[in-house]
Amino acid sequence: MIIWGDRRLVVPALAAALSVGAAIVATVGPFATTEATTHIQFDTTALRTDVADPAHERPVAPRYARIADWISAVGAAVAVADLSGAGHAADYCLVDPRDDSITVGNADPGRADYSPLTLRAGDLPMDDTMAPMGCVPVDIDEDGDQDLVAYYWGRSPILFLRTDEADGPATSRSFRAEELVTPAAVWNTTALNVGDLDGDGHLDLIIGNYFPDGARVLDPAATYDTGTVMQDSMSLAQNGGVNRVFLTEPTGVADTMPRLSDQSTALPKNSATSWTLAFGLQDLTDDLLPEVYVANDFGPDNLLVNRSEPGRIAFDQIEGERDMITPKSKVLGHDSFKGMGVAFSYERASSLPTIMVSNITSEFALQESNFLFVPSGEPAEISAGKFVYHDESEARGISRSGWSWDVKAADFDNDGIDEFLQATGFVAGDRNGWPQLQELAMANDSLLQFPEAWMRVDEHVDLSGHEPDRLWVRNGETYSDVGAASGLDAETVSRGIATGDLNADGLMDAVVAKQWVPSSIAINASPVERAGRSLFLEIEGIAGGKRPAIGAEVRIDAAEASVQREQLYPANGHAGVSAPAIHIAVTDDTTTVRIRWRDANGAHSATTDVPNGPVSHILLHADGTVSIS
């Protein structure tokens, strides 16, 4: 008999219980999954298989030496866009941690290949204490070609301005490197998103910094006082780097840096210093200004309702409300999981999108839960400050997928219903590290910020390192994972995902960025009954070009069974940027769509017929009319 008041008996009893738990999770192996079949099929090809002397770990600051593989577990990222004048998103920008490179290359297997281009910082400061973490295409000078913003650990982002005609593959003379902020600062950025936050018709930047500003995370010579700490709580951490918001004002001259206005103080403090891994932009109030979902590691996620006006950023933070049957950990703003990625998808005739959020969900591990926030109200209620959503991840069978990262919503079989493609895995080794990590998770929060208190994470430790990427398909009201049956790579450690019709055949493809192994292109070879169309929506830029109409919305108002709706925010999520196009499934040669967008003249709405063919370019004019090019 145990007398609970006697601590001499409690401690051995708890130790025995923990040892049983440790025994349960002591096997490293594939994540358990239900066998499923699917008509969705991918042909996968590895990228950059010829990297010379690939690394498997980064040099880190001395305080992080015992957890070097943990610190080294991020950095694989990818974007797809038209960077060669192909007329569709046929190119990738890949961040590969094996050699800390940023490479622009061909993603379309149906056209002539070209030699990949490695982006270099030129005369800007760059050394081994800095490593790229992501690449985001954005026509920031509005001259009609895609510039690239690269973000890093160890320094502030670099803007690569496209300076040639962009009518062919990029060369070493195609881009000019410019500092995003001057002087350059020591930031450790893990997320960067693009959208017109203030409604002035120009694209702005929101930046998520992970480790504290000034922390020399990758510097083996860094001293104790350089901010090299870990999170100050397992579930309420707010000692991370400061997130930033920059409004842009293009000069009207091609190939020149826009004027930047730092509006970072508009971010609520608890959100600004969280350990942010992903942003999701989406208009939830029907005013064509994007709200901001902030997915945070080691702490609550945030939803920021956009109250901005041209030249001034303003946000109101709203939170979910707990009821009798909802645990606090599933209430937005009070949640205690590890927000790793976010995606939005509209169900039939819904006025608000479903919000999918990746978390750490490995079985017999932390076993948290993904979020599937399903709307139960209207945009006006969001505008009034009420979070009209509830989590249905468990009931719909999508709650657990592994140690999950980026997630993308896309219609891979042209049935008008989105699937969710989700990257998984953390660090791969041959010895299970979960018992030790569980001990750390149960320790006193005040110890967590000290790297010396963490368990050792070296090249032998495995933490969810053998999990397959997930492809969640809708079956009525529930989801099933068909990733393995679809031909996706199994048991690799993935990070960012970029989706788009890479070969212009009417089917959505994907590029998956992987950590410490070759990334892959997944070309869709599915048999489908309906055709797919990629709509490249464009706005006239002030420097004479046409830029992607980020933030625009397309809706097909057909019979209820065929209603489709999507907003154009390609950089939503973690470390993956999709094609700047909206994909629709159609049954007729010509389909009528309704387009809503905002530019410098305000909000507009128009309808147009989309012609036959897998790719259409639709120009959205300042007078509210549209034309097909």
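1. Salt bridges. The count of salt bridges in this predicted model comes to 34, a salt bridge being a side-chain nitrogen of Lys or Arg within 4 Å of a carboxyl oxygen of Asp or Glu. One of them joins Arg244 and Asp213, whose closest N and O atoms are 3.0 Å apart. This pair links distant parts of the chain, 31 residues apart: Arg244 belongs to strand S12 (residues 244-249), while Asp213 sits in the loop between strand S11 (204-209) and S12. Strands (E, at least two residues) are DSSP runs, numbered from the N terminus.

2. Basis of the values. The model is predicted, and local features need pLDDT of at least 70, side-chain atom pairs count only at pLDDT 80 or more, and totals for chains, interfaces and linings use all residues. Residues are numbered from 1 along each chain as its sequence is written, and side-chain values use heavy atoms, with hydrogens and water left out.

3. Domains. The chain is divided into domain 1 (42-524) and domain 2 (531-628), with bounds that come from an automatic or database domain assignment. The contact between them, meaning heavy atoms within 4.5 Å, takes 74 residues from domain 1 and 47 residues from domain 2. Their C-alpha centres lie 24 Å apart.

4. Buried area. Domain 1 and domain 2 bury about 4,200 Å² between them, and 53% of this area is on carbon and sulfur atoms. Buried area is the accessible area (1.4 Å probe) that two parts lose on being put together, summed over both.

5. Links between the domains. Between domain 1 and domain 2 there are 3 salt bridges. The side chains of Glu142 and Arg547 also meet in a salt bridge, at 3.8 Å from N to O. On the side of domain 1 that touches domain 2, several strands each supply at least two residues, among them strand S2 (77-81), strand S6 (131-138) and strand S28 (494-500). The residues of this side divide into 34 nonpolar, 23 polar and 17 charged; Ala, Val, Leu, Ile, Met, Phe, Trp, Tyr, Cys and Pro count as nonpolar, Asp, Glu, Lys and Arg as charged, and the others, Gly among them, as polar.

6. A sheet containing S2. An open sheet of 5 strands has the order S5-S4-S3-S2-S35, with mixed pairing; two strands pair if DSSP finds at least two bridges between them. Strand S5 (117-118) and strand S35 (576-577) are the edge strands, each pairing on one side only. S2 and strand S3 (residues 91-96) run antiparallel and are joined by 5 bridges. Val78 has Leu94 in S3 as its bridge partner.

How values were computed. Helix = DSSP H or I, 4+ residues; strand = E, 2+ residues; numbered from the N terminus.
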